[in-house]
Amino acid sequence: MKLRTFLHSDQNSPTTLSEIQRAHDWIASEEFFGIFAYATQSGASSFSIAMAPAFWAGTQSRWLFGLDYGRTQPQALRIISGKPNAEVRVYDGAWIVEQNGFLPRRDFHAKSSILANRTNGRFGMIVGSGNFSSNGLRKSIEAGATLRTDVQAEYESKIRNIETMATDLWRKRRLWPIFLMFTRNAGRQTLRQ
């Protein structure tokens with residue numbers, strides 16, 4: 001297993017986004033699972049531009065975002081959910097939109113990307129501090145680590161357990177699939193299915 005740590009401290013340092021690109025290129029990802037505490041329009045646009053149309057056409061992607069405290073921007077969800085082969089869900093969205101200030105039952109604060117090509121047996125995971133915003137992906141001082149492997153036993157012991165737990169979050173009833181619209185209702189922003 002290859003492990004690479006990174007700290008984006010200047011313009012020449014690796015970033016969360018450059019590590020996702022690097023892992024995707026090596027793995028030739030057929031599957032991508034992005035798990036982020038929040039998403040912004042700038043993050044969705046930065047990711048889309050950097051990854052190019054080939055990513056969207058050739059990679060099945062699942063996205064799990066938080067909506068805690070109203071930090072996720074509706075435009076980001078629209079951009080990602082409008083891409084080919086992409087499915088977006090919000091963790092505990094139905095609960096959160098009913099709470100003043102979008103207060104969560106439990107903070108959703110994960111920041112991870114899991115990449116897989118089961119055909120060629122290559123897998124990877126990027127974990128770090130960067131949210132799915134342009135700053136978090138490319139500009140802010142962020143730290144993280146990239147794991148890559150083409151050894152099935154290493155995938156099973158180091159990455160598969162996180163992928164399984166994330167998939168369990170994805171499947172729970174508390175998830176709210178995103179075919180959603182943000183609307184104004186009584187002066188507060190809410191989600192409606």
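The dialogue below treats these topics in turn.

Modeller: This is a predicted model, in which local features need pLDDT of at least 70 and side-chain atom pairs count only at pLDDT 80 or more, while totals for chains, interfaces and linings use all residues. Residues are numbered from 1 along each chain as its sequence is written, and side-chain values use heavy atoms, with hydrogens and water left out.

Biologist: At what angle do the axes of helix H2 and helix H3 cross?

Modeller: Two packed helices are described by the angle and the distance between their axes. Helices (H or I, at least four residues) and strands (E, at least two) are DSSP runs, numbered from the N terminus. Axes are lines fitted to C-alpha atoms, for helices over the stretch in contact, and angles between N-to-C directions run from 0 to 180 degrees. Here the axes of H2 (residues 41-58) and H3 (residues 74-81) come within 9 Å and cross at roughly 5 degrees. H2 and H3 are therefore roughly parallel (an angle under 35 degrees).

Biologist: Which residues of H2 and H3 make the contact?

Modeller: Contact means heavy atoms within 4.5 Å. H2 contributes Gln41, Ala44, Ser45, Ser48 and Trp56, and H3 contributes Gln75, Ala76, Ile79 and Ile80.

Biologist: Is strand E5 largely enclosed or open?

Modeller: Buried means under 20% relative accessible area, with a 1.4 Å probe and protein chains only. In E5 (residues 111-117), 7 of the 7 residues are buried, so the strand is largely enclosed by the rest of the structure. Lys111, Ser113, Leu115 and Asn117 point one way, and Ser112, Ile114 and Ala116 the other.

Biologist: Which strands pair with E5?

Modeller: Two strands pair if DSSP finds at least two bridges between them. Strand E2 (residues 31-36) runs antiparallel to E5 and is joined to E5 by 6 bridges; Phe36 stands opposite Lys111. Strand E6 (residues 122-128) also pairs with E5 in the antiparallel sense, over 6 bridges, with Ser112 opposite Val127. The hairpin of E5 and E6 has 4 residues between the strands, and Gly121 takes a positive phi near 70 degrees there.

Biologist: Which residues touch the most other members of the largest nonpolar core?

Modeller: A nonpolar core is a set of buried Ala, Val, Leu, Ile, Met, Phe, Trp, Tyr and Cys residues joined through side-chain atoms within 4.5 Å. The largest has 29 residues, and those touching the most other members are Phe32, Phe47, Trp56, Trp63, Phe65, Ile80 and Phe132. H2 gives the most to this core, with 5 residues. A second, separate core of 14 residues includes Phe33, Tyr91, Phe123 and Trp170.

How values were computed
Angles under 35 degrees count as roughly parallel, over 145 as roughly antiparallel, 65 to 115 as roughly perpendicular and the rest as oblique. Buried means under 20% relative accessible area, exposed over 50%, partly exposed in between (1.4 Å probe, protein chains only).
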